[in-house]
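Work through the exercises below with the model open. Try each task before you read its solution.

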Amino acid sequence: MRHTISVLVENKFGVLARVSGLFSGRGFNIESLNVAPTLDPALSQMTIVTRGDDRILEQITKQLNKLINVIKVIDYSTETDYINRELVLIKVSAKAEHRAEALRIVDIFRAKVVDASHSHYTIEVTGSEGKVNGMISMLKPLGIKGIVRTGLVAMSRG
Amino acid sequence: MKLSGAEIFVECLKKEGVDTIFGYPGGVVLNIYDVLHQQREIRHILTKHEQGAVHAADGYARASGKPGVVLVTSGPGATNTVTGIATAYMDSIPLVVFTGQVPMSMIGNDAFQEADIVGITRPCTKHNYLVSDVSKLAATIKEAFHIATTGRKGPVLIDLPKDVSVNKTDFVYPSKVDLKGFKPTLHGNLQQIKRALSLMRKAERPVLFTGGGVILSGAAEELKKIAKKTWIPVTNSLMGLGGFPGDHPLFLGMPGMHGTYAANLSLQQADLIVAVGARFDDRVTGKIDAFAPKATVVHIDIDPTSIKKNVRVDIPIVGDCRNTLRELNKLIAAERGVGWKTKHKAWLEQIAQWKKERPLTYREHKGKIAPQYVVEEIYKATKGKAIITTEVGQNQMWTAQFYKFQVPRQFLTSGGLGTMGYGFPAAIGAQFACPDRVVFDIAGDGSIQMNIQELATAVQHRLPVNIAVLDNRFLGMVRQWQQLFYDCRYSSTCLTSGPDFVKLAEAYGAVGIRVARKEDVPDAIREAISIKNTVLLDFVVDREANVMPMVPAGAAIDEMIFEEKRGKKKLSSAQANKITG
């Protein structure tokens with residue numbers, strides 16, 4: 001099963017390696033990982049998306065809690081109500097015959113063109129994974145040159 | 001006044017009450033060694049290999065209950081500590097290991113004797129540090145000792161770049177530690193403890209299964225009280241031996257792969273298992289799906305990750321074993337009219353029957369010394385009071401089976417990692433911690449050679465450590481598996497070319513005694529104990545004795561095999577030697 005795990009950690013060197021080691025040591029791949037400081041610059045918030053056996057993930061979550069540099073762990077897959085978002089930059093072909101279609105798709109998905117050249121548009125889109133994937137599949141026929149994703153960030157509602 | 005990093009290191013150790021450290025010098029720790037040389041409060045024991053230093057510190061910690069401290073240099077000095085650290089990590093032994101590091105400006109440049117020891121030991125330490133600034137040194141050392149000795153204990157490593165040991169700062173030792181991410185739950189939830197007790201009251205076939213947590217938290221007295229009051233039989237995991245008197249009528253022996261018939265059947269038939277500070281290792285449970293099928297499980301452990309890791313648990317209780325058992329004892333004492341003894345009478349009778357049916361036993365062959373007999377004689381000669389360390393393999397299992405441990409911190413063995421070469425340096429550490437106790441390392445001829453160089457350390461300090469080599473000229477446990485499961489193909493397990501241990505001991509300045517006849521065993525042991533020097537007893541034992549009973553890998557723990565007459569199919573040792581050289 002897919003898990004979105006939020007980890008509040010101390011903002012220190014080596015912490016990322018400790019956290020990722022708990023996954024890699026069990027042969028688990030991390031699908032996406034996002035880290036940035038919180039309001040308190042001494043702390044960082046990580047959001048990790050991974051897939052695996054629930055029992056092993058329960059063990060990983062407990063092990064994460066055990067790390068000295070980890071303050072708090074939430075496995076969102078056990079929570080019902082949370083928001084997740086991802087930001088993606090997509091470089092798509094902007095040849096004359098594609099431009100109108102590209103802009104239409106940008107419009108539909110409430111995305112933005114953040115850079116333009118004679119050959120390409122760079123599009124910024126934010127949203128849930130489903131929305132982002134939907135947009136990517138629409139843009140594919142136009143020719144996607146490159147794509148960069150931040151990975152999911154998640155937060156509980158309320 | 002400003003102190004250098006090296007001086008701060010020494011001052012911090014004094015503040016922590018450290019009087020003995022084990023180590024090995026080298027380039028980047030020269031400043032620290034120079035400061036150590038100019039003071040008398042901390043004794044530095046020079047081992048002959050860094051692995052020996054860590055095992056010695058580990059033995060010191062297990063025997064004394066105090067954290068063990070190690071100091072080594074960078075690069076190979078640091079990497080040589082890894083096995084020792086991993087050993088301590090698996091068995092939750094508090095250590096603080098200091099490794100030297102190249103100067104901060106050179107880190108990452110493949111400098112001479114540089115190794116990323118923080119990266120290397122990340123998965124086998126409880127926590128580790130690279131100290132990048134001398135101003136952080138004192139607080140880091142304070143934290144390290146706190147983490148190593150609090151909650152589930154374990155090794156902590158501090159990497160000290162050379163410039164940090166030279167640079168100066170004001171020395172302030174923090175009076176307390178407050179770590180946001182490290183607040184172990186020390187007191188078990190009272191409601192859960194009450195639930196556990198109500199299950200204990202209802203159970204007809206309960207078993208107390210206790211492990212290393214009872215030793216580490218000092219819960220043995222509380223455990224004894226509970227067992228005596230409730231008439232619930234006790235089984236100890238390998239790490240838990242000594243947590244309950246080995247000759248007590250309620251004691252079942254050790255469970256698992258080489259456990260007793262009574263312990264394994266009790267767990268399999270139990271309707272309630274109260275596990276205390278034990279982590280249900282695969283060597284205990286055997287085939288996990290078939291383990292204790294009828295039992296409700298109460299699990300008391302300081303570490304939440306140990307609970308529900310291997311077996312399902314009905315009542316989890318996170319907390320220190322001693323605190324939790326003390327609470328449980330209070331509740332039990334307040335109970336009236338439970339009639340524990342009559343309630344468990346039938347169960348205890350059944351267990352007595354199992355004990356009688358299949359006691360621990362061994363076969364003796366004419367003209368040969370049974371290795372189990374040697375262990376029994378050491379037990380008799382030391383009146384069950386010695387500190388016993390072991391190596392890993394048959395020597396370890398025979399010791400666990402035939403030495404009836406009485407008290408905690410008496411049996412020092414590498415349970416989790418199973419490190420050959422652990423026992424002898426650990427015995428040295430234990431002897432430093434307890435100079436007046438009799439210390440025996442019960443070893444095999446294979447594993448003793450993994451840290452034999454420490455004879456020089458023992459002799460240098462005239463330590464009366466005794467080594468009993470159960471010398472079968474085989475890597476016995478592996479050979480046993482080859483005999484039973486690989487049709488007697490003794491691949492790379494034959495050690496006939498091994499050294500003359502008596503001469504070897506003598507070369508180091510120790511006393512070597514060879515014992516080849518059964519009738520000489522008791523006197524040789526007594527003589528070794530009386531000699532105030534390091535003694536190596538080379539017991540020439542029955543080469544193909546096996547550790548029995550045995551649960552084959554992947555079987556349920558009641559599917560045990562027992563000692564059989566040596567079959568015709570089996571190759572003789574002579575034939576085996578021919579095949580494997």
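This is a predicted model: local features need pLDDT of at least 70, side-chain atom pairs count only at pLDDT 80 or more; totals for chains, interfaces and linings use all residues.

Residues are numbered from 1 along each chain as its sequence is written, chains are lettered from A and ligands numbered from 1 in the order in which they are written, and side-chain values use heavy atoms, with hydrogens and water left out.

**Exercise 1. Describe the fold of chain A.**

Step 1. Count the elements. Chain A has 4 helices and 9 strands. These are DSSP runs, numbered from the N terminus: helices are H or I with at least four residues, strands are E with at least two.

Step 2. Along the sequence, chain A reads β-α-β-β-α-β-β-α-β-β-α-β-β.

Step 3. Take the dimensions. The C-alpha trace of chain A spans about 55 × 35 × 30 Å along its principal axes.

Step 4. Check burial. Chain A has 158 residues, and 42% of them count as buried. Buried means under 20% relative accessible area, exposed over 50%, and partly exposed in between (1.4 Å probe, protein chains only).

Step 5. Look at contacts, meaning heavy atoms within 4.5 Å. Among contacts in chain A with a separation of 6 or more, 74% come from residues 24 or more positions apart.

Step 6. Finish with the surface. Chain A exposes about 8,500 Å², with 55% of it supplied by carbon and sulfur atoms. Accessible areas here follow the Shrake-Rupley method with a 1.4 Å probe; for residues, only the protein chains shown count as cover.

**Exercise 2. Characterise the interface of chain A and chain B.**

Step 1. Count the residues. Chain A contributes 18 residues to the contact and chain B 17 residues.

Step 2. Find the area. The two chains bury about 1,400 Å² between them, 53% of it on carbon and sulfur atoms. Buried area is the accessible area (1.4 Å probe) that two parts lose on being put together, summed over both.

Step 3. List the polar links. The rule finds 7 residue pairs in polar contact across the interface, both residues at pLDDT 80 or more. A polar contact is a pair of N or O atoms within 3.5 Å; within protein, one must be able to donate a hydrogen and the other to accept it, and residues adjacent in sequence count only if both atoms are side-chain atoms. The interface also holds 1 salt bridge. It pairs D303(B) with K66(A), with the closest N and O atoms 2.6 Å apart. A salt bridge is a side-chain nitrogen of Lys or Arg within 4 Å of a carboxyl oxygen of Asp or Glu.

Step 4. Assign the side of chain A that touches chain B. α1 (15-24), α2 (54-66) and β4 (70-75) of chain A each supply at least two residues. α2(A) gives the most, with 7 residues.

Step 5. Sort that side by class. It has 7 nonpolar, 5 polar and 6 charged residues. Ala, Val, Leu, Ile, Met, Phe, Trp, Tyr, Cys and Pro count as nonpolar, Asp, Glu, Lys and Arg as charged, and the others, Gly among them, as polar.

**Exercise 3. Trace salt bridges within the chains.**

Step 1. Start with the total. The structure holds 35 salt bridges over all chains.

Step 2. Take D170(B) and K2(B). Their closest N and O atoms are 3.7 Å apart. D170(B) sits in strand β8 (residues 168-170) and K2(B) in strand β1 (residues 2-4) of chain B, so the pair links parts 168 residues apart. D170(B) is partly exposed at 44% relative accessibility, and K2(B) is partly exposed at 48%.

Step 3. Take E41(B) and K14(B), which meet in a salt bridge (3.4 Å, N to O). E41(B) lies in the loop between α2 (30-37) and β3 (43-46) of chain B, and K14(B) in helix α1 (residues 5-15), so the pair ties together parts 27 residues apart in sequence. E41(B) is exposed at 54%, while K14(B) is partly exposed at 24%.

Step 4. Look for a network in chain A. Salt bridges link R2(A), E31(A), R51(A) and E129(A) in one.

**Exercise 4. Find the backbone features of chain B.**

Step 1. Locate the cis peptide bond. It joins M548(B) and P549(B), with omega about 0°. P549(B) is in the loop between β19 (535-540) and α24 (573-580) of chain B.

Step 2. Check K383(B). Its phi is positive, about 55°, although K383(B) is not a glycine. K383(B) lies in the loop between α17 (371-381) and β14 (387-390) of chain B, and is exposed at 65% relative accessibility.

Step 3. Check S492(B). Its phi is near 55°, again positive in a residue other than glycine. S492(B) lies in the loop between α21 (476-485) and α22 (501-507) of chain B, and is exposed with a relative accessible area of 64%.
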